Amino acid sequence: MKAVTWHGKRDVRVDTVPDPAIREPTDAIIRITTTAICGSDLHLYEVMTPFMEEGDILGHEPMGIVEEVGADVTQIQPGDRVVIPFNISCGQCFMCGLQLYSQCETTQVREYDCGAALFGYSKLYGHVPGGQAEYLRVPHADFGPIKVPKGPPDERFVYLSDVLPTAWQAVEYASIPDGGSVAVFGLGPIGQMSGRIARARGARVIGIDLVPERLAMARRHGIEVVDASEEDRVPEVLRDMTDGRGPDAVIDAVGMEAHGAPGIKAVQTLSGLLPDSIAETVFQKAGVDRVNVLNASIESVRRGGTLSVIGVYGGMADPLPMMKLFDKQIQVRMGQANVKRWIGDLMPYVNSDADPLGVEDLATHRLPLDEAPHGYEIFQQKRDGAIKVLLHR
Ligand SMILES: NC(=O)c1ccc[n+]([C@@H]2O[C@H](COP(=O)([O-])OP(=O)(O)OC[C@H]3O[C@@H](n4cnc5c(N)ncnc54)[C@H](O)[C@@H]3O)[C@@H](O)[C@H]2O)c1
Ligand SMILES: [Zn+2]
Ligand SMILES: [Zn+2]
């Protein structure tokens with residue numbers, strides 16, 4: 001089959017690789033119809049290279065048709081239309097019992113002290129072949145796959161794999177009071193959907209980014225925007241917009257590759273250049289994140305407010321302004337999305353033909369799988385208006 005494979009920093013290719021096969025009775029094989037490139041894939045593309053191996057199959061936002069199931073899989077059958085959550089969870093362990101599916105103790109990667117395995121996400125997360133491919137082996141398919149109805153286009157459902165549950169969790173963790181306000185840093189797909197979900201749940205939403213078409217997309221979904229390329233005092237602007245206090249909650253939907261902090265860029269570049277074993281240590285022991293957005297979030301949120309960090313951070317020694325966090329009494333919540341936890345909340349939105357979250361207005365590019373390298377390039381460089389890139393067969 002054809003699959004998108006990693007070959008080095010900013011080098012992904014479409015290779016022919018062996019078809020996957022059932023290995024465990026709880027496996028399923030899915031024929032992918034649509035899959036997406038995620039902001040999280042960009043960390044692998046550029047920063048997390050020490051944990052990648054040449055030929056690794058990327059991707060964790062797939063949907064498609066079930067081809068084959070193992071003997072113990074009864075919740076889906078061949079021919080079903082399914083979306084595959086990006087985290088692989090067993091559904092039965094202690095953590096899954098708490099609906100903390102991204103912490104599943106059955107698939108946890110103990111070697112690196114990491115949470116649940118993820119599709120296509122490096123050695124840190126189980127080294128599982130990903131879903132930017134024609135076929136995907138789905139472990140724990142007796143629990144994971146989400147059945148969706150036939151009929152509406154893939155774009156209606158594909159974001160259940162990651163973007164929508166992640167955005168839902170970001171909003172949930174933000175604990176916005178009734179009728180309150182939330183600022184969303186970063187208007188990539190995660191920030192866009194966090195903003196739309198918060199609006200749908202009654203909040204006032206202010207989005208911050210520096211890319212014109214991302215600001216424009218947010219605006220057309222009822223989100224007020226601040227252009228960070230024109231404002232170097234964003235926290236002050238946010239306070240001015242909210243009675244001098246700051247928004248009740250802030251969502252950081254940017255993460256470790258924020259623009260505008262050159263010092264750490266050097267560490268990220270360095271860890272990409274060093275031999276793998278040394279780079280792994282640098283990555284795990286050093287502060288590799290550009291924390292400028294995190295700092296701006298802490299500065300922006302009102303006293304006693306909540307900071308919800310949904311952007312991914314990876315460093316082990318990032319400095320944090322503890323005094324400010326403590327003195328302002330800020331509640332902080334974060335983590336990888338527990339995808340299946342939020343599917344019940346999201347189903348009514350994606351099943352409605354009125355498309356209340358505007359899921360059909362997110363993808364800017366729909367490319368055949370063969371053109372994935374181009375997709376990565378334009379998405380990373382934010383060229384050609386790329387906001388979300390879908391790949392299809
Ligand atoms: N927690 C989870 O489970 C989970 C799941 C999916 C994605 N993520 C993470 O969420 C983050 C966003 O993902 P995405 O797909 O939307 O990616 P993306 O790269 O498209 O979005 C990031 C956005 O941040 C903006 N940005 C960069 N620097 C900024 C700054 N200084 N001020 C304001 N905006 C700035 C960029 O212009 C871009 O629009 C990534 O870190 C991704 O890894 C987390
Ligand atoms: Zn993703
Ligand atoms: Zn589990």
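**Exercise 1. Determine which helix gives the most residues to the shell around ligand 1, and where the ligand lies relative to the domains.**

Solution. Step 1: α1 is the largest contributor to the shell around ligand 1, with four residues. Helices (H or I, at least four residues) and strands (E, at least two) are DSSP runs, numbered from the N terminus. This is a predicted model, in which local features need pLDDT of at least 70 and side-chain atom pairs count only at pLDDT 80 or more, while totals for chains, interfaces and linings use all residues. Residues are numbered from 1 along each chain as its sequence is written, and chains are lettered from A and ligands numbered from 1 in the order in which they are written.

Step 1: The shell comprises 33 residues, the closest being Gly39, Ser40, Gly186, Gly188 and Gly255; a residue is near the ligand if its C-beta atom, placed from the backbone, lies within 6 Å of it. At least two shell residues come from each of α1 (39–46), α4, β9 and α9.

Step 2: By class, 17 shell residues are nonpolar, 13 polar and three charged. Here Ala, Val, Leu, Ile, Met, Phe, Trp, Tyr, Cys and Pro count as nonpolar, Asp, Glu, Lys and Arg as charged, and the others, Gly among them, as polar.

Step 3: Because domain 1 (2–162 + 338–392) and domain 2 (164–334) both give residues to the shell, ligand 1 lies between them. These bounds come from an automatic or database domain assignment.

**Exercise 2. Describe the side of domain 1 that touches domain 2.**

Solution. Step 1: The C-alpha centres of the two domains, domain 1 and domain 2, are 24 Å apart.

Step 1: Domain 1 brings 27 residues to the contact and domain 2 brings 29 residues, two residues being in contact if their C-beta atoms, placed from the backbone, lie within 7 Å.

Step 2: On the domain 1 side, α1 and α11 (343–351) each supply at least two residues. The largest share, four residues, belongs to α1.

Step 3: This side of domain 1 divides into 15 nonpolar, seven polar and five charged residues.

**Exercise 3. Decide whether Ile176 is buried or exposed, and identify its contacts.**

Solution. Step 1: Ile176 is located in the loop between α3 (163–174) and β8.

Step 1: Ile176 has 23 other C-beta atoms within 10 Å and is therefore buried. The cut-offs are 20 or more such atoms for buried, 12 or fewer for exposed, and partly exposed in between, with C-beta atoms placed from the backbone.

Step 2: Leaving aside neighbours within four places in sequence, Ile176 is in contact with Val182, Ala198, Ala203, Asp248 and Ala249. Ala198 is 22 residues from Ile176 along the chain, with 8.4 Å between their C-alpha atoms.
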